[in-house]
Amino acid sequence: MKYHSVKFAFTFLMGACASLSAQAQQKEQRASPIVFEKKMIASESVESVGVADVDNDGKPDLISGEFWYKGPEFFDRYYIAEVKREREYWDDFATIPMDVNGDGNVDFITGGWFNKSLIWRENPGNNKPWKSHEIDETGNVETARAWDIDQDGYPEIIPNNPNLPLKFYKLDRTPSGKGQGKFTKVQVADKQGHGLGFGDINGDGRGDLIISSGWLEAPKDIMKDKWILHSDFTFEDASVPMIVADVNGDSKNDIIVGQAHSYGLDWYEQTTKSGAISWIKHTIDPFTSQYHTMDWVDLDGDGKMELVTGKRYRAHNGGDPGEKDMVGLYYFQWNGEAFVKQTISHGPYGDGKGIGVYFSIADLNGDNRKDIIVAGKDGLCVFFNRGNE
């Protein structure tokens, strides 16, 4: 009897050790950093870049400011349209690819802080200048994002207009889904602050909108019914976007927030222990400033998401806390307990690389790895993902 007990205990112990060893190996593999190869594309100081097949040759191109860059080398560039400059800024704070008029050529949507408008630029299908069309005079555009608000399979456009009404714009489409060149505006709230996010907070299957002063619960009819504001938090000058994701795997969506114009990167754990939704703050990185934009994406192909973000260079022309700190681009891996910071690029201007206000992640060279494309006052740059081997 004792022999069997000892044998069982030994077997159990060996099994537990093997399990812990496997977990340790999995954790070690998870933490293995990805290698990125940096390639400077241009010294332009526009702060936004998008990825799309501009010339329909089956290869992704880059769109940034006044030019598009032909892939896969991104050396040849072609003029799009004039972008006005205001002091250190080019008035172009988003690059959202979309075939707006349904002609088979990808156009893009952008917005300006100084022109106070949301516009779309029409791809002529040749190397002639692109025509610009005003969607709406929205007020100052910090940046804009595209999310499928009404869950019809097509994204809507949501500009971040600090201190102005929150609204989204739905592209009018034919029954077959082709864009018709015009948008329908829907106002969601009377006021928004700096920062914007989208995701299902309360688990009802509908995507809610997150602003710096709370979250707006989506109604059943998002085009007509009232959105309900829940003033659960104050995030000050929050990032665009704020990420809505189930960080810790408890089947409740949490919120990841960067401070766009000061120090701090945090995640807020959603809890419903008291019967109502509440939030617990967890620090990710308090030592870096100007986390203005971010993305939640599987960079290494292991089925788990990473947080990609970085420091915006000269966000307020040198006026923000931490402006003179080193600039950088990073990704963070969740290890089951906390976020682990991995450096893609870090250093002084010209060595490290910032992230701008709108960046893109896409497989540029067909190797099934997601590359990172960043613009900013410190130039336009691609970081090719070479994997973690």
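## The second largest pocket

The second largest pocket is lined by 16 residues, and Tyr89, Trp113, Glu142, His261 and His316 lie nearest its centre. About 280 Å³ of space lies in this pocket, and its lining divides into eight nonpolar, five polar and three charged residues. A pocket here is an open set of points on a 1 Å grid over the protein atoms alone, where a 1.4 Å probe fits, with protein on both sides within 12 Å along at least five of seven lines, and lining residues have an atom within 4 Å of a point. A volume is the space filled by probe spheres set on the points.

## How the model is read

This is a predicted model, in which local features need pLDDT of at least 70, side-chain atom pairs count only at pLDDT 80 or more, and totals for chains, interfaces and linings use all residues. Residues are numbered from 1 along each chain as its sequence is written, and side-chain values use heavy atoms, with hydrogens and water left out.

## The largest pocket

The largest pocket holds about 410 Å³ of space. Of the 20 residues that line the largest pocket, Arg145, Trp147, Pro241, Met294 and Asp295 are the closest to its centre. Strand 24 (294–297) is one of the strands that each supply at least two residues of this lining, and strand 24 gives the most, with four residues; strands are DSSP runs (E, at least two residues) numbered from the N terminus.

## Gln290

Gln290 is placed in the loop between strand 23 (278–289) and strand 24. Gln290 counts as buried because its relative accessibility is 0%, where buried means under 20% relative accessible area (1.4 Å probe, protein chains only). A polar atom of the Gln290 side chain lies 3.3 Å from the backbone nitrogen of Ala315.

Technical notes: Nonpolar A, V, L, I, M, F, W, Y, C, P; charged D, E, K, R; others polar. Buried < 20%, exposed > 50% of the residue type's maximum accessible area, 1.4 Å probe, protein only. Polar contact = N/O pair within 3.5 Å; in protein donor to acceptor, adjacent residues only side chain to side chain.
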